[in-house]
Amino acid sequence: MDHPNTSPAKTRWVFVMEPERCIDCEACMISCSVENEAPLGKHRNWIVKIDKGIYPNLSTTFLPENCHHCSNPPCERVCPTGATYRREDGLVLVDFDKCIGCKYCMMACPYDARFVNEEKKAVDKCTFCVHRLDAGLPPACVETCIGHARHFGNINDPESEVAKLLAKHPYYRLYEEAGSEPAIYYIYSNRVIE
Amino acid sequence: MTDESNPSSRVSRRQFLRWAGATAVAGALAASGLDLLHPLGTEAAFRSVRRLSDAPPTQFDREVASLCEMCVWRCGLRAKVKDERIYKLEGNPFHPHSRGMLCPRGQAGIATAYDPDRLKYPLIRSGPRGSGKWRRLSWNEALDYVAAQMLAIKNQYGAEAMIFSTTHNLVQTQFENMLHAFGTPNYGTQRSLCYNSMITANLMTFGLEEPGRDYSQARYIIYTGRNVLDSISNSESQDAMSAIARGAKVVVLEPRFTKTAAKATEWLPIKPGTDLAFHLALIQVIIEQELYDADFVQEYTVGFAALREATQSYTPEWAAGKCEIPAETIRRIAIEFAQAAPQAFAHPNWRTSNFLNSFQTERAIACLNALVGSWGRPGSLQPVGGEEGAGLGSIPQPAYPRTAAARLDGVPWKYPLVPLKLGVFQELRDNIITGQPYQPHGWFVYRQNPAQSLPDRTKTAEAMSKLDFIVTIDVSMNDTAWFSDVVLPEASYLERYDPLAVVDGTVFIRQPAIAPLYESKPGLWIFKELGQRLGLGDYFQYKDEEDYLRQQLAPLDITLEELKAKGHYRLPTSAAEGDKAFVFNTPTGKIELASQTLANSGFSAVPVWEEPVSNAPGAFFLLSGKVAQHTQCATHNNKLLHERMPSNPLWLNTVPAAERGIRDGDEVWVESPAGKVKTVAYVTEKIRPDCVFMTFGFGHVSKALVTSYGQGISDSSLHLSFTDPVSGSQALSQTFVTVTKA
């Protein structure tokens, strides 16, 4: 792979999504809401549904999504207080103590991944379940994905499931042209790299 | 199906952002550098801010292994508890139904336990039924009162004047214990609203209730209305998705473009009620082209000649005229299916209460599998089924009294082939209303909501109004409880012990993660206490719930304390298992393609075509079904699930919608002979133009369900009652409705 996310010496957490396996059950959304106590009506993760065609020639695609934890995060650049910051392992996090609620980051995010959490009086978003990662557990959405569409791991570890999936299948990232170097990879799981 | 209630999360986020952006700009302008650090408000507003160190806990006081009850699949779960509060539920990796994962409903379970609308105390009504006027009782007062009412009915009219009804649950053994000890034959379950035709057909063909499926090596799967990726049975949904991802060919017969259809290799939008024609034609092709497994048919089946003769005329060309699927498609699928066999199965399906001919459809599917030898082999149907429980200790009790009275629901005097444990629930209301063959006077409802689940709610309400006494035991004030005389609060599944569950030879325990909230009590406790007051104490010989479980564990090499800590226990394998795969519990000991039992009762011995009713011009088939985010009519007040799906708009194809001037989101009137209700249209390409669809469970009339009251509509306000004479199954897809713009 040839992009800034890969540097063998470092841990870089990424998601690999398999849209073909997403059944849109939303277990990931509810698991996340409970785990992270997101307020009702606000979500740190979501599923984009794309319906195409005219009866009876139809298709529906489900794209599971959450914060892309970009390597070059536009949200971090516009944050006037440094509340949004990037960790060594690539996680983009919000320090609620420093957030002043100006919402510039929400404007800058290409993925609409952020929302105002009224209870926390701060802008909130997916953390890749950093508290669970630091305790050695996978993100809550990954653990309960009954379609097995969500995969998570260290892209720089060639033995990881995510690295193996990316080596085997062609993939794309959303709005890659924006140059933010997102860390969610969508694979075509029914196609294999020759 | 959340896509219609929330058409695109991306769009709504965009809209929100536009609003948010405007606010941010205005805020920045107004502040003009004066108070840039506090655009949200003053210092005071920040005092309640959660610090970063308030991140969710990862250390808990305990993790409790237990069983989910957000549906009937009973997945293993782990409840993470800290300071006597459940923070999170996760799947138990040791349970074969969850494999470490919970579905959306299982994940949302804490919102059922912590639902502010839960029943908190025993209640007796202090106004007319349904007035919502209640008086709080102590448990002693409530149980004494209920027992006195039941005994008064028994003494005056006989035990048979009490009806007992419940829905599939782990305390069912003690529920049944109570009704048998009380001495009434009148037992209502949800089964005739669900799978009577599937179970009866498999009993008649294979001698077991529901064959298992081996997805791991299946190469070809046909689903007939089984929406396995939306109507989630956790492990089976996982298996189905994995089979599809592996490249198995999946054919879905379904009038609606479901999520299963979206993932399938081939979606066939079949005309409702004609699945039977499709399967009869598959049989015809497979026999005519000699694609069946001749050795298997010879060795393990009876009635092949009769089946061949009966299906000769059911050609794909004939079927095409019925089910609106091209003959060449039907022929191709027959050939592909037979070639893939035995690593192929036509799924027996689940809720098959669709048409009066659904029993024949299920028989045809069973025979189709038998013809290609899809039985007991890798990738085929499997000879497993029914509840497990052998090896557990039993609780001593005296013999039950003899019951002379006939069952009100007509089993077996009107429905000779319906198994007693299934029954014909929807019939009971006619007995109550007409007083024939005798008049029932009381109804004991345990964790069930017939006021919502039975078709034709007006009829249910009329029947309830004729009863002298109704008591409902449930976790929440469901619609039936709302119209009851006494309501008893049961502890939620996260707060109680239930009898042990055995799955695939392993014992699993449901145990409290937290103590029962409010004054709620476990079902085991309620049945024992009520049993004693009814003079039936000898039938409930356990001191408490833990003692009940200890007696169950007595023959095993594990203590209750060990099981509580571990959550599961592998039963010793019995040497007698042997090769039971090809021993069939039918009168002939073989798979019965032709059934003498059916013939003896005046029905066709082999599957035959029965013409379903069709819609008049301008009328639609009213279809109903499940979604991933809700279970039957039991989860709609759960705030987490309600947030994902708060209502049930009516699916309507774009073409008839345009003809009626109906746009997406418009209010519409839906009318059937049973009723007329107003709802919102979801205009979509994803349904046949002659059908409308709604998921069930919405339209609660209980005002105590504050979150869900009055949201959406109930299919029971539109459905008519039709009963299949063979299986007793209610036909839920042959009510026709008109739709007009409101």
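**Walking through the model**

Reply: Let's start with B:Thr166, which lies in strand E6 (residues 162-166) of chain B. Helices (H or I, at least four residues) and strands (E, at least two) are DSSP runs, numbered from the N terminus. Keep in mind that this is a predicted model: local features need pLDDT of at least 70, side-chain atom pairs count only at pLDDT 80 or more, and totals for chains, interfaces and linings use all residues. Residues are numbered from 1 along each chain as its sequence is written, with chains lettered from A and ligands numbered from 1 in the order in which they are written.

Me: Is B:Thr166 buried or exposed?

Reply: B:Thr166 counts as buried because it has 21 C-beta neighbours inside 10 Å. The cut-offs: buried if 20 or more other C-beta atoms lie within 10 Å of a residue's own, exposed if 12 or fewer, partly exposed in between, with C-beta atoms placed from the backbone.

Me: What is B:Thr166 in contact with, leaving aside neighbours within four places in sequence?

Reply: B:Gln172, B:Phe175, B:Thr189, B:Tyr446, B:Arg447 and B:Gln448. Contact is when the C-beta atoms of two residues, placed from the backbone, lie within 7 Å. There's also B:Pro450, 284 residues from B:Thr166 in sequence but 9.1 Å away in space, C-alpha to C-alpha.

Me: OK, switching to the core. Which residues touch the most other members of the largest nonpolar core?

Reply: B:Phe278, B:Leu282, B:Ile286, B:Phe337, B:Leu652 and B:Val692, out of 266 residues in that core. H11(B) gives the core its largest share, 10 residues. A nonpolar core here is a set of buried Ala, Val, Leu, Ile, Met, Phe, Trp, Tyr and Cys residues joined through C-beta atoms within 7 Å. In soluble globular proteins, nonpolar side chains tend to be buried together.

Me: How many residues of H11(B) are buried?

Reply: 13 of the 14, so H11(B) is largely enclosed by the rest of the structure. The length of helix H11 (residues 275-288) of chain B checks out too: at 1.5 Å a residue it should span 20 Å, and its end C-alpha atoms are 20 Å apart. That expected span is 1.5 Å times one less than the number of residues. Just after H11(B), B:Glu290 takes a positive phi of about 55°.

Me: And what does B:Ile286 touch, leaving out neighbours within four places?

Reply: B:Ile286 is in contact with B:Leu291, B:Tyr292, B:Ala334, B:Ala338, B:Leu371 and B:Val372.

Me: Sheets next. What order do the strands of the open parallel sheet in chain B take?

Reply: E11-E10-E9-E13, 4 strands with parallel pairing. Strands E11 (266-268) and E13 (344-346) are at the edges with a single partner strand each, so one side of each has no neighbour in the sheet. Neighbouring strands are turned by 10° against each other on average, direction ignored. Strands count as paired if DSSP finds at least two bridges between them, and E9 (residues 220-224) and E13(B) have 3. B:Ile222 stands opposite B:Ala346 in E13(B).

Me: Which helix lies across E9 and E13?

Reply: Helix H16 (residues 358-371) of chain B, running at about 165° to E13(B). Axes are lines fitted to C-alpha atoms, for helices over the stretch in contact, and angles run from 0 to 180 degrees between N-to-C directions.

Me: What about the closed barrel, how many strands?

Reply: 6, running E22-E26-E23-E25-E24-E27 in chain B with mixed pairing. Neighbouring strands there are turned by 45° on average, direction ignored. E24 (residues 667-672) and E27 (residues 736-741) pair antiparallel over 4 bridges, and the partner of B:Val668 in E27(B) is B:Lys741.

Me: Last one, the interface. How many residues of chain A are in contact with chain B?

Reply: 51 residues of chain A, against 57 residues of chain B. H1(A) supplies the largest share of chain A's side, 8 residues. By class, that side has 23 nonpolar, 13 polar and 15 charged residues. Here Ala, Val, Leu, Ile, Met, Phe, Trp, Tyr, Cys and Pro count as nonpolar, Asp, Glu, Lys and Arg as charged, and the others, Gly among them, as polar.
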